[in-house]
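I opened the notebook to go through the ligand site and then the aromatic rings. The entries follow in the order in which I looked things up.

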Amino acid sequence: MKQIVIAANWKMNTNLNEAIDLVTSLKKLLSSSVKATTIICPPFVYLPEINSILKDSNIYVGAQNMYFEEKGAFTGEISPSMVANFCKFVILGHSERRSIFGESNELINKKVHAALVNDLTPILCVGESQKEREEGLAEKIIHEQLTVGLNQIDNIENVQIAYEPVWAIGTGIAATPELANEIMDGTIKSTLKSLYNDEQVERVPLLYGGSVNSDNIEEYVSMPGINGALVGGASLKSEEFSLIVTKAESVIH
Ligand code: PEP
């Protein structure tokens, strides 16, 4: 059976009450959803509250980022073990972390190592900018993000990869399912297969991200190389997000 994963990236949105309402509503709406792995990634400060609401549910909690060091003089940062108290997953290398906060592939690789050591499943984000696509560099950029981001990582089956073309994030201009599949089933899978054996690679969930909503989700998960989605804007409304999950599940036979 095809693995389906739908992850919500709330980014820096919601106040505490809105976060509690959103997740309480999702817990109800998705109580009978069993086929997809659903992950909610709220802002750090809400993790304890969200984790306690979702403790007895079928929804997992994830963080949007973390630092790689375990402790020390890193003002403002959160360590992997701090995150692991509340989460099973962590988004790493999101394009906003790369472009706004200057995160390099090398730094992201350290975070991937640290996540795995702490039993967190990293959702490693890759994807090209508009300019890189126009210059014909998309495949090269993605190959580099993967090979450096996964440097010295053996247990790839404990990692998830999200392909998020930067030009599709928050713009309403989603990549066509065909284009997403071409990169995911093509570039991403062939890069992974150059680093790991086929059996390992087939176990890695590949998520598409970029303007996913309840109208287009089925087209993505129907593609052979796409296992699910990382959802930003459309994850902030409980009905819309639960529809995304249930529609994604409907493609599993
Ligand atoms: C994201 O932030 O990872 C994302 C894909 O955002 P959106 O769904 O809003 O494009």
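A polar backbone atom of Gly-233 is 2.8 Å from an oxygen atom of the ligand. For Ser-211, a backbone N or O atom lies 2.8 Å from a ligand oxygen. Asn-9 uses its side chain: an N or O atom there is 3.3 Å from an oxygen atom of the ligand.

Ligand, cover. On its own the ligand has 290 Å² of accessible area, and the protein covers 95% of this. I used Shrake-Rupley areas with a 1.4 Å probe; for residues, only the protein chains shown count as cover.

Source note. I am working from a predicted model, in which local features need pLDDT of at least 70 and side-chain atom pairs count only at pLDDT 80 or more, while totals for chains, interfaces and linings use all residues. Residues are numbered from 1 along each chain as its sequence is written, and side-chain values use heavy atoms, with hydrogens and water left out.

Ligand, shell. I counted a residue as near if one of its heavy atoms lies within 4 Å of the molecule or strand in question. There are 14 residues around the ligand, and Lys-11, Glu-164, Gly-170, Ser-211 and Gly-232 come nearest. The shell has 4 nonpolar, 8 polar and 2 charged residues.

Aromatic pairs. How many aromatic pairs does the structure hold? I found 5 of them (ring centres of Phe, Tyr or the six-membered ring of Trp within 6.5 Å; planes under 30 degrees apart are stacked, over 60 edge-to-face, the rest tilted). Tyr-60 and Phe-89 form an edge-to-face pair, 5.5 Å centre to centre with 75° between the planes. Tyr-60 lies in strand E3 (residues 59-63) and Phe-89 in strand E4 (residues 89-92), so the pair ties together parts 29 residues apart in sequence. I took strands as DSSP runs (E, at least two residues), numbered from the N terminus.

Tyr-67 and Phe-74 form a tilted pair, 5.2 Å centre to centre with 50° between the planes. Ring pairs link Tyr-67, Phe-68 and Phe-74 into a cluster.

Charge over a ring. The charged end of Arg-97 sits over the ring of Phe-101, 4.1 Å from its centre (NZ of Lys or CZ of Arg within 6 Å of the ring centre and within 35 degrees of the ring normal).

Notes:
Helix = DSSP H or I, 4+ residues; strand = E, 2+ residues; numbered from the N terminus. Polar contact = N/O pair within 3.5 Å; in protein donor to acceptor, adjacent residues only side chain to side chain. Nonpolar A, V, L, I, M, F, W, Y, C, P; charged D, E, K, R; others polar.
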